[in-house]
Amino acid sequence: MKIRKGDEVVVIAGKDKGATGKVIRVLPREERVVVEGVNLITKNIKADAQRAGKESGRVTVEAPLHVSNVALAEDGKPVRVGYRVNEDGTKVRISRRSGKEI
């Protein structure tokens, strides 16, 4: 997967199309990412002993998005990601739009 935790991404498909946010969590096996403030859902939480001091109620949380529905953002615009091997042998991600390192 070309998107990592901490990357700034823009949603390119779905109900939140055009929204930007930071990647909170990456789920590589499911090919999904969780983006801050995007794809919000409401969960009903039950009070129990393990969550001491927490009451039951409704909580709004971010749900995972498929990685194909997000793109890395550069200056607020979606960019494709490529790779380049430096002279010292390290592999780095680059922006296909500008050629800069990400």
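At 41% relative accessibility, Glu-31 counts as partly exposed, a class that lies between buried (under 20% relative accessible area) and exposed (over 50%), as calculated with a 1.4 Å probe and protein chains only. The structure is a predicted model, in which local features need pLDDT of at least 70 and side-chain atom pairs count only at pLDDT 80 or more, whereas totals for chains, interfaces and linings use all residues. Residues are numbered from 1 along each chain as its sequence is written, and side-chain values use heavy atoms, with hydrogens and water left out.

Confidence was examined through pLDDT, the predictor's confidence in each residue on a scale from 0 to 100. The mean pLDDT of the protein is 93, and 100% of its residues reach 70 or more. Confidence is highest in strand β3, at 98, and lowest in strand β5 (residues 57–62), where the mean is 92.

The protein contains 10 strands and 0 helices, assigned as DSSP runs numbered from the N terminus, with helices being H or I of at least four residues and strands being E of at least two. Along the sequence, the elements accordingly follow the pattern β-β-β-β-β-β-β-β-β-β. The radius of gyration is 17 Å, while a compact globule of 102 residues would have a value near 13 Å; this radius is taken over C-alpha atoms, and the globule rule is 2.2 Å times the number of residues to the power 0.38. Taken along the principal axes, the C-alpha atoms fill a box of roughly 55 × 30 × 20 Å.

Of the 102 residues, 26% count as buried. Among the contacts with a separation of 6 or more, 39% are accounted for by residues 24 or more positions apart, where contact means heavy atoms within 4.5 Å. The protein carries 22 positive and 14 negative charges, whose mean positions are 4 Å apart; Lys and Arg count as positive and Asp and Glu as negative, while His and the chain ends are not counted. Each charge is placed at NZ of Lys, CZ of Arg, CG of Asp or CD of Glu.

Several residues around strand β3 can be described together. Glu-31 lies in the loop between β2 (20–27) and β3, and has a positive phi of about 55 degrees although it is not a glycine. Arg-32 is placed in strand β3 itself (residues 32–35) and counts as partly exposed because its relative accessibility is 32%. Not counting residues up to four places away in sequence, Arg-32 touches Met-1, Val-26, Leu-27, Pro-64, Leu-65, His-66 and Val-67. Its C-alpha atom is separated by 9.3 Å from that of Asn-69, which is 37 residues away along the chain.

Leu-27, in strand β2, is partly exposed at 21% relative accessibility, and its contacts beyond four places in sequence are with Arg-32 and Pro-64. Leu-27 and Arg-4, although 23 residues apart in sequence, have a C-alpha to C-alpha distance of 9.8 Å.

Asn-39 belongs to the loop between β3 and β4 (40–45) and is buried, because its relative accessible area is 14%. Phi of Asn-39 is near 60 degrees, a positive value in a residue other than glycine. When residues up to four places away in sequence are not counted, Asn-39 touches Lys-15, Asp-16, Val-61, Glu-62, Ala-63, Pro-64 and Leu-65.

Two further loop residues were considered. Ile-12 lies in the loop between β1 (8–11) and β2 and is partly exposed, with a relative accessible area of 37%. Leaving aside neighbours within four places in sequence, Ile-12 is in contact with Lys-17, Ser-68, Asn-69, Val-70, Ala-71 and Pro-78; the C-alpha atoms of Ile-12 and Pro-78 are 7.9 Å apart in space, across a sequence separation of 66 residues. Thr-90 is found in the loop between β9 (81–85) and β10 (91–95), and its relative accessible area of 37% places Thr-90 in the partly exposed class. Beyond its neighbours within four places in sequence, Thr-90 is in contact with Arg-84 and Val-85.
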